[in-house]
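Have the model open as you read.

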Amino acid sequence: MESILLSIHPSDPVWIGIAFICGFAVKLIGLPPLVGFLFAGFMLNAVGAEGGDFLRTMADLGITLLLFTIGLKLRVESLIKPQVWGVASIHMVLITSVLSALVLAISQLNISIFTGLDLKTAILIGFVLSFSSTVFAIKLLDELGATSSHHGRLAIGILIVQDIAAVVFLAASTGKVPSVWALALLLLIPLRHLLRKVLDHTGHGELLVLYGIVLALGGADIFELVGMKGDVGALILGMLLANHVKASEMAKSLLSFKDLFLVGFFLSVGMTALPGWNEFLVALVFILFLPIKVAFYHLLLNAFKLRASTSWRTSLNLANYSEFGLIVGTLATAYGWLSKEWLAVFAIVLSISFIISAPLTSVRDSLYQRWRHFFKRFERRQRVKGEEDLDLQSIEAVVFGMGRVGTAVYKAIEPEFKGRIVGVEIDDHQIEMHQSSGLHVIDGDATNPDFWARAPSLLIGLKWVLLTLPTHSANKAAVAMLKQMGYTGQIAATSKYDDEAEELKEMGVDMSFNIYAEAGIGFANDLKRRFEHS
């Protein structure tokens, strides 16, 4: 087998350096680095650079690891909820129909790229553009620490339903149906017990990382061998381990590898095709349609009894077009269904939608607050589970984020606030586990404006808020929301680095604890007490 290192094009390291410079530049102005990676791809494309095997391998590995880590956090029951498959299916049909009609209408204007398009081809274009990007949406949710949030789980569920539809379409359009050996994949269900046993004994170091990579790439290869999409295999292998106690640890251990390899994906998107003015103008039409696509998501989610804020956040997670357009575009041009110009259109539509969507996540809550009364008009009176009103009138202390640190904090201060403390968590599995242990834990999101609408009495007697959310950005968003709601009590928050702690204090946090430093101090104090009594 040829080594990947031998196939690296000499200029590949230069591209990675350019990606770093562009990513760093956009980070300085408050945008996610992935926007910079897209710009780097455009720049390289403009000067005539072409992607090599190394870049394509990076992109493939990034997507495979991304789907595997999502599988580690995903449970099958989240896909069978009506608000997931119902919204995904209805939205797909509606957007495909509207865009097909739009494409047919434009084809009457004698624009060269639309020449010869018939109803079947128009439906194909509409179908392709009805999808949202799994890679981009999940990457943003990861950065926000929101993959386990209610709106994050809804978005991921909808994306997976779309991915299943994409697999079915590709199989039908190419005539490549899964082989009879695909039935043998059912053996993975009983095999999961063996996979979990191995995971029990991998420890917490390099073997855990290596096992995760083996499962992700192995799952992808097995599915490819039987004629199915490899990324789906990585996702399913992850799902088989989703309830394991070390699943979350494995996902975190693969985080840096996944982020590094995904740079290749965003670079390759920008380098896919260099559009001319005609292609750019056609792409602009579809970009102008993007708010309509988002509005359909929002209205459908409201119709399925979700709160307006949850519908809004979920819709913005999906406010983009999908890389599926590039896959189908390549296929369609190869079969002669579409001209090659359409591949450039799909590339520019995808890229611009990413650039528009990324900054929206940082202002979504302020936009919601501004237009809240308008959004509330479309909200149903009934609520699905997790969206109902909460009675927290007697609460004096609340812990947001009931992971290991949050749980330890809750148990440590519970005697001081007997019957007057509550934990707030976004992960259903964690909530059930804590409730079965007798802890007062509820479903909620500190960064969601409507959490406070669900619990209007909470702020009345609240004295302490303790933030142990998984990311610094989530803690900052929670602090900003507390200040906006008029909270005047004490706030304590965790951080991992000194600069994060200083930033939180500048925002008004009374106490910020570096969890690594505090762990060392706690260990030293315990040792000191033991020495004194020995």
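Helices (H or I, at least four residues) and strands (E, at least two) are DSSP runs, numbered from the N terminus. By that count, the chain has 24 helices and 6 strands. Keep in mind that this is a predicted model, where local features need pLDDT of at least 70, side-chain atom pairs count only at pLDDT 80 or more, and totals for chains, interfaces and linings use all residues. Residues are numbered from 1 along each chain as its sequence is written, and side-chain values use heavy atoms, with hydrogens and water left out.

Of the chain's 534 residues, 52% are buried (under 20% relative accessible area, 1.4 Å probe, protein chains only).

The 6 strands make an open, parallel sheet in the order 3-2-1-4-5-6; two strands count as paired if DSSP finds at least two bridges between them. Strand 3 (441–443) and strand 6 sit at the edges, each pairing on one side only.

Two of the pairings look like this:

| Pair | Bridges | Sense |
|---|---|---|
| strand 1 (residues 397–400) and strand 4 (residues 464–467) | 4 bridges | parallel |
| strand 5 (residues 490–495) and strand 6 | 4 bridges | parallel |

At residue level, phenylalanine 400 faces leucine 467 in strand 4, while alanine 492 has methionine 511 of strand 6 as its bridge partner. Strand 6 (residues 511–514) has Ser512 and Asn514 on its covered face, with Met511 and Phe513 on the uncovered one.

Terms used:
Buried < 20%, exposed > 50% of the residue type's maximum accessible area, 1.4 Å probe, protein only.
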